[in-house]
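Reader: Can you walk me through this one? I'd like to start with the loops, then the core.

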Amino acid sequence: MWSTTKISILFFLGVILLGNVTPGLALVRRYKFVLGNSAHTRLCTNKTMLTINGQFPGPTIYARKGDLVIVDLYNRASHNITIHWHGVKMPRYPWSDGPEYVTQCPVSPGTKFSQRIVLSDEEGTLWWHAHSEWSRASVYGALIILPLKNETYPFPKPHAEVPLLLGEWWNADVQEVMEEFLASGGDPNISDAFLINGQPGDLYSCSNSTQDAFKLSVEFGKTYLIRMVNAVMNNIMFFRIANHSITVVGTDAAYTKPLTSDYITISPGQTIDFLLTADQPPSHYYMASRVYASAGFFDTTTTTGMLVYAGNYTAPPSPALPTLPQFNDTASSVNFTNRLRSLANTKYPIDVPLNITETLYFTLSINTRPCPNDTVCDGPRQERFLASVNNVTMVLPKTAILGAYYSGMGAGVYETDFPDNPPFRFNYTQQFVPIDLWRPENGTAVNVLKYNSNVELVFQGTNTVGGIDHPMHLHGYSFYVVGSGLGNFNRRRDPQNYNLVDPPLMETIAVPVNGWTAIRFKANNPGVWFMHCHFERHVSWGMGMVFIVKNGKRPEERLLPPPSDLPRC
């Protein structure tokens with residue numbers, strides 16, 4: 001449910017926008033989100049789960065670049081909730097960003113919170129999802145940001161646009177899945193199916209192509225813009241359409257140079273816009289998606305949908321499945337991501353920070369710790385799984401860090417000593433890392449950045465316990481991915497190969513298994529901003545940290561005040 005109102009935003013957006021967006025006439029779009037419990041059936045399993053407006057996936061929000069979107073969130077369930085607007089920078093207004101106990105206290109049952117989603121330079125596909133516990137397994141939807149009126153895409157206008165959301169289905173209650181693995185100290189139980197637009201496809205038991213598969217109807221010769229979101233909880237995904245190539249034209253609400261491929265690799269949290277031309281003989285063609293995983297336990301099933309051409313023909317009884325890369329095909333995963341490039345032209349320029357004033361080096365580790373009182377846990381060596389950034393396992397406070405910072409009452413809520421570098425050096429990617437290096441320290445620490453500082457951050461994967469990819473997401477910012485590689489980052493050698501000409505602008509990037517990724521951004525958005533791995537089990541184990549970006553000197557460089565209905569703890 002939504003409404004729009006045309007207003008002049010010369011004052012509101014003209015003051016708070018980031019990037020090269022010209023203030024003018026725009027819309028305030030208002031949506032009503034009601035969190036409730038609704039009944040759904042997949043794989044012959046009936047269950048009640050949290051949803052927005054009874055929809056799974058949730059409603060798609062449409063807006064234009066620079067709009068203000070207001071979402072009135074009513075909690076009519078029996079569970080706390082927060083909603084994050086993934087990839088929206090929220091200039092100077094982190095109050096609506098959503099991560100629980102970082103920027104806000106949760107919206108409790110029976111209460112309401114009106115979130116103001118301030119769009120700035122984003123253009124393309126983003127998404128929204130719950131950011132409290134594991135509720136995002138069923139509370140998520142697409143956020144589609146169209147160009148300004150009278151503006152066009154940097155590619156030929158497609159015949160139609162189609163959101164395509166990858167998700168998951170558990171026959172069990174997801175809250176119980178989360179509580180069980182956190183109590184046991186082990187890995188969570190894997191899902192029972194992957195989904196395309198809420199449907200598992202016909203390769204699962206008790207599932208068929210008539211009722212349980214997403215169908216995309218196309219006309220021969222027409223081109224379609226597919227807006228893909230990976231809303232899967234714990235997996236990078238491969239995707240392919242049988243007999244068809246696609247052309248990537250955007251990721252994370254930023255346009256890219258056209259990239260032609262016969263498959264896609266997409267991290268959880270990431271979005272990819274691609275063009276699909278219906279150029280094959282009219283028939284039925286499978287689309288399919290399954291996991292890329294370099295380590296750990298994972299669901300080995302394949303979700304499918306169907307590309308259905310219009311016309312008179314006899315459909316094959318068993319269309320051919322596309323051949324997807326192998327589950328552990330790291331080269332295919334890394335190579336796809338490394339081919340992404342910004343447009344970097346006159347209309348869509350880039351602004352990569354060159355004179356770096358803040359240099360950060362963050363290790364990303366899976367860890368373990370002995371369970372208390374000589375109890376036995378389900379992790380390696382009967383210990384408890386944890387995760388860390390620079391050997392700090394994040395412990396969320398009991399109140400929101402943003403509110404404590406804004407009110408000047410951070411003492412006892414967080415510390416300001418999150419390290420710029422790992423506390424000790426070792427061969428991070430050696431085959432066997434000594435067990436005494438598996439132990440992290442707990443902390444609720446933030447890293448403080450000066451306003452307008454030029455930041456280079458190198459993520460370094462480690463092989464503690466076992467190496468794995470880490471899709472890292474930074475709230476409040478997009479960043480340029482200027483380099484990546486396997487093994488340990490070399491400060492003298494590797495920056496010589498950075499791409500400073502047309503690096504992709506992203507807000508979620510997969511750091512390769514036992515490898516590194518370098519990003520750059522200008523810290524020009526004051527506030528409190530969460531950064532974390534988008535594998536849900538990793539952030540549950542503590543792989544996250546918080547940046548505080550200080551105010552600038554001018555009024556338009558300062559954090560805006562909180563809304564009057566901000567939830568209280």
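This is a predicted model: local features need pLDDT of at least 70, side-chain atom pairs count only at pLDDT 80 or more; totals for chains, interfaces and linings use all residues.

Reader: Good. Where does Pro 57 sit?

Author: Pro 57 is in the loop that runs between β3 (45-52) and β4 (61-64).

Reader: What kind of peptide bond joins Phe 56 and Pro 57?

Author: A cis one, with omega at about -5°.

Reader: Next, Asn 53. What's its phi?

Author: Positive, about 55°, although Asn 53 is not a glycine. Asn 53 also lies in the loop between β3 and β4.

Reader: And how does Asn 53 count: buried, partly exposed or exposed?

Author: Partly exposed, because its relative accessibility is 26% and that class falls between 20% and 50%.

Reader: Switching topic. Which loop holds Tyr 414?

Author: The one between α4 (401-406) and β24 (441-443).

Reader: Is Tyr 414 buried or exposed, and why?

Author: Buried, because its relative accessible area is 11% and the cut-off is under 20%.

Reader: What does Tyr 414 touch?

Author: Leaving out residues up to four places away in sequence, Tyr 414 touches Ile 401, Ala 404, Tyr 405, Thr 444, Val 446 and Ile 548.

Reader: How far is Tyr 414 from Ala 320?

Author: 55 Å in space, C-alpha to C-alpha, and 94 residues in sequence.

Reader: Now the core. Which residues touch the most other members of the largest nonpolar core?

Author: Trp 85, Phe 274, Phe 362 and Phe 459, in a core of 124 residues.

Reader: What is Phe 274 in contact with?

Author: Beyond four places in sequence, its contacts include Tyr 224, Leu 225, Met 228, Phe 239, Val 248 and Ile 264. There is also a second, separate core of 20 residues, with Val 28, Trp 95, Met 394 and Leu 402 among them.

Reader: Last thing, confidence. What's the average pLDDT?

Author: The chain averages 94, and 96% of the residues score at least 70.

Reader: Where does pLDDT stay under 50?

Author: Over residues 4-24. The model has 48 contacts for that stretch beyond four places in sequence.

How values were computed: Residues are numbered from 1 along each chain as its sequence is written. Side-chain values use heavy atoms; hydrogens and water are left out. pLDDT is the predictor's confidence in each residue, from 0 to 100. Contact means heavy atoms within 4.5 Å. A nonpolar core is a set of buried Ala, Val, Leu, Ile, Met, Phe, Trp, Tyr and Cys residues joined through side-chain atoms within 4.5 Å. Buried means under 20% relative accessible area, exposed over 50%, partly exposed in between (1.4 Å probe, protein chains only). Helices (H or I, at least four residues) and strands (E, at least two) are DSSP runs, numbered from the N terminus.
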